[in-house]
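Please consult the sequence and the structure while reading.

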Amino acid sequence: MSLSSAHQRSAKDQADSTEQTPPGDAPEEAVAEPAPEGATEAAGPEPAPAPDDEPDAEQAQADDPVDPAPADPGPTEPGPTEPGPTEPAPAAKNALTRWRERHPDITRALSWSLTVLAGVLVLFAFLMPDRLPQLTASRFVRVPAEPILLAALLLVLPPRPRRVVAVLSGFVLALLVVLNCVDMGFYQTLQRPFYLLFDWSLFADGLSFLKDSAGGTTAYGALAGALLAVLALVVLMPLAIVRLSKLMARHPSVARRSTLVAGVVWMTCATLGIQVSGLSVAAKVAGQRVRGQVAMVQQGLADRKVFAEEVANDRFAKVPSEQLLSGLRGKDVIFTFIESYGRGAVEDPAMAPGVDAVLRDGTRQLADAGFSARSGWLTSPVTGGGSWLAHTTFLSGLWVPDQQRYRYVSSSDRMTLTSAFKRTGDFRTVGMMPGVTRAWPESKFFGLDHVHDSRTMGYQGPKFGWSPVPDQYTLSAFERLEHGKASNQPMMSEIILTSSHNPWAPIPRTIGWDEVGDGSVYDAIQKEGKDREDVWKDAALVRQEYGKAIQYSLTNLIDFVTKYGDENTVLVFLGDHQPVSTVVGVNASRDVPVAIVAHDPKVLDQVSDWGWSDGLQPGHDAPVWRMDSFRDRFLSAFTSPQP
């Protein structure tokens, strides 16, 4: 009998029964007629679940019982069949489900592709290094321990706790990947990792640098891209681990065997010390990264107490003001920092020929004007960036390699080299800070009576890369606003020269001092310069332009001394740190050149025991001091002996 005939017969019997039963009387219980033979086959097979909506192991067992015999459905009420939970009505199926049913092969292929991508993403996250040069294929031909342990944990957990652990693990792993990416950037520029406790403010500084050097559109576009990438990672990593955990739950026996085999392989490789390209096959990268971050946090917390004791321990704090710096009374002392002026500029074959020629010519030029010079090396606490940390180290006599120490010492009453001049009462203290573009409360800590920044120098010209003001204009403004004014009071000044700041494009050129004016002359000069994007396409060109920038800064500083200096001028100039690794490589030292120039021979006589080289170019074997040692050496040389 056909299915349509059965439905017609059932409908007729029901109608007859209705006519025979008076209204209000309950009908007798009817006995359901067995379904006609073949009805089930005519209805068609049940639709298979979509591959992405896979059930857990318990559901899989329920859908695939051991006994294939169907259960007795029991009596059923006659009437039209309504769709149940296992057979949704066609109208209730969404477009995606219908597409999956029509294309099962494509759906299966997509499902497995997503699973493979999830596995690759998770494996990459567990093996990812924290330094860009280490991002090689050999680092990923290894067996990480952490996913093996995670898989073992997920296999023994019930469904709901398993999902919770998978999501949390994915979130933590995503954050670890983000931290690795941040560390790559810090190692690439600053040659150190990111410190969780106190480096967050550097992101704002980085955005400001990008805005100043590449423009607001590029800066905010890069920020938006970075935030979207982080958001995508935080979403995708938990989904990837959840997907893999469902796969293990559907095939528990295969998952257990695979986890056991992976564990045995890891233990064997660890025991035998098997390596690939110098790397252990049995890896523990993620665990080591987490332990390393915890250790850095602990060290940072412990360092606060240690550094507080160092700040309080100052052997010059109680020296009487009349004895302090007595050897420089009546002199005009200038401390000048040249941005990114490192040892590589003097000794690296790619940059040294041009820079050394400027130093040799400058030494002769100064000698013709009656000046003498001595030079040596200082080891900076930073490299690639963080100029303010180097400035603070040099002036405070304390090692300040990070933001935590900088914030602490700059809010203390520690005597700096510059504030020592103010403490004598005989010097006016001035700062020329072209890189400062907003309020700078730290000027009080450094003991500066007055600060001229990029907003108060009167500059009306364009920016050159990051540098808001060309060095020659900064020195010209110093002469016009401070040094050239008639005064009976000697002056101590701190000058920051920024034209040699990354990205070294475009670079200003030296012009006549009487042509500087208000800086509008630099509009045409800036347009003549190279474009930053063109320079940074070639590492050799980057080094070349860096060398030219250092030559520009040195040339203008030497010209200033010979033109505006006199018998009372004393100049101390140095680099703050080495440039980024693109210029000097990842293994370069942190040494920077330092020189002292004076017209009065008595000044250099007081530092004769330093062993420094004659002239502006320090010899390769000249003494190398830590930068924090300079303050005490300088104060000792020019302070009267205490009784």
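## Cysteines

A search of the whole structure finds 0 disulfides, a disulfide being a pair of cysteine sulfur atoms within 2.5 Å. Cys181 is partly exposed at 42% relative accessibility, and Cys269 is buried at 9%. Buried means under 20% relative accessible area, exposed means over 50%, and partly exposed lies in between, calculated with a 1.4 Å probe on protein chains only.

## Basis of the model

The model is predicted: local features need pLDDT of at least 70, side-chain atom pairs count only at pLDDT 80 or more, and totals for chains, interfaces and linings use all residues. Residues are numbered from 1 along each chain as its sequence is written, and side-chain values use heavy atoms, with hydrogens and water left out.

## Overall composition

The protein has 23 helices and 13 strands. These elements are DSSP runs numbered from the N terminus, with helices (H or I) of at least four residues and strands (E) of at least two. Of the 643 residues in the protein, 44% are buried.

Among contacts with a separation of 6 or more, 76% join residues 24 or more positions apart. A contact means heavy atoms within 4.5 Å.

## Two helices

At the start of α20, a side-chain oxygen of Asp538 comes to within 3.0 Å of the backbone nitrogen of Ala540.

The buried residues of α5 are Thr107, Ser111, Thr115, Ala118, Val122, Ala125, Phe126 and Leu127.

## Aromatic pairs and charges over rings

The structure holds 31 aromatic pairs. Rings of Phe, Tyr and Trp (its six-membered ring) pair if their centres lie within 6.5 Å; planes under 30 degrees apart count as stacked, over 60 as edge-to-face and the rest as tilted. The rings of Trp504 and Tyr546 are edge-to-face, because their centres are 5.2 Å apart and their planes stand at 70 degrees. Trp504 lies in the loop between β9 (491–497) and α18 (522–528) and Tyr546 in helix α20, so the pair ties together parts 42 residues apart in sequence. Trp504 is buried at 2% relative accessible area, and Tyr546 is buried at 0%.

Trp610 and Trp625 form another edge-to-face pair, at 5.4 Å centre to centre and 80 degrees between the planes. This pair links Trp610, in the loop between α22 (601–605) and β12 (613–614), with Trp625 in strand β13 (residues 624–626), 15 residues apart. Trp610 is buried at 8% relative accessibility, and Trp625 is buried with a relative accessible area of 8%. Both belong to one aromatic cluster, whose members include Phe335, Trp612 and Phe638. The charged end of Arg633 sits over the ring of Trp625, 3.9 Å from its centre. Arg343 lies over the face of Trp377, at 3.9 Å from the ring centre. A charge sits over a ring if NZ of Lys or CZ of Arg is within 6 Å of the ring centre and within 35 degrees of the ring normal.

## Two individual residues

Thr392 is located in helix α14 (residues 387–396) and is buried at 1% relative accessibility. Beyond residues up to four places away in sequence, Thr392 touches Gly397, Val400, Tyr406, Val409, Phe445 and Phe446.

Gly484 is in the loop between α17 (471–483) and β9 and is partly exposed at 47%. Gly484 and Tyr564 are 80 residues apart in sequence and 8.1 Å apart in space, C-alpha to C-alpha.

## Backbone features

Most residues other than glycine have a negative phi, and most peptide bonds are trans. A cis peptide bond joins Asn502 and Pro503, with omega about 25 degrees. The bond from Ala505 to Pro506 is also cis, with omega near -10 degrees. Pro503 lies in the loop between β9 and α18, and Pro506 is placed in the loop between β9 and α18.

Ser277 has a positive phi of about 55 degrees; Ser277 lies in the loop between β2 (275–276) and β3 (279–280) and is exposed at 62%. Leu325 has a positive phi near 55 degrees; Leu325 lies in the loop between α11 (285–312) and β5 (332–338) and is buried at 0%.

Note on methods. A polar contact is a pair of N or O atoms within 3.5 Å; within protein, one must be able to donate a hydrogen and the other to accept it, and residues adjacent in sequence count only if both atoms are side-chain atoms.
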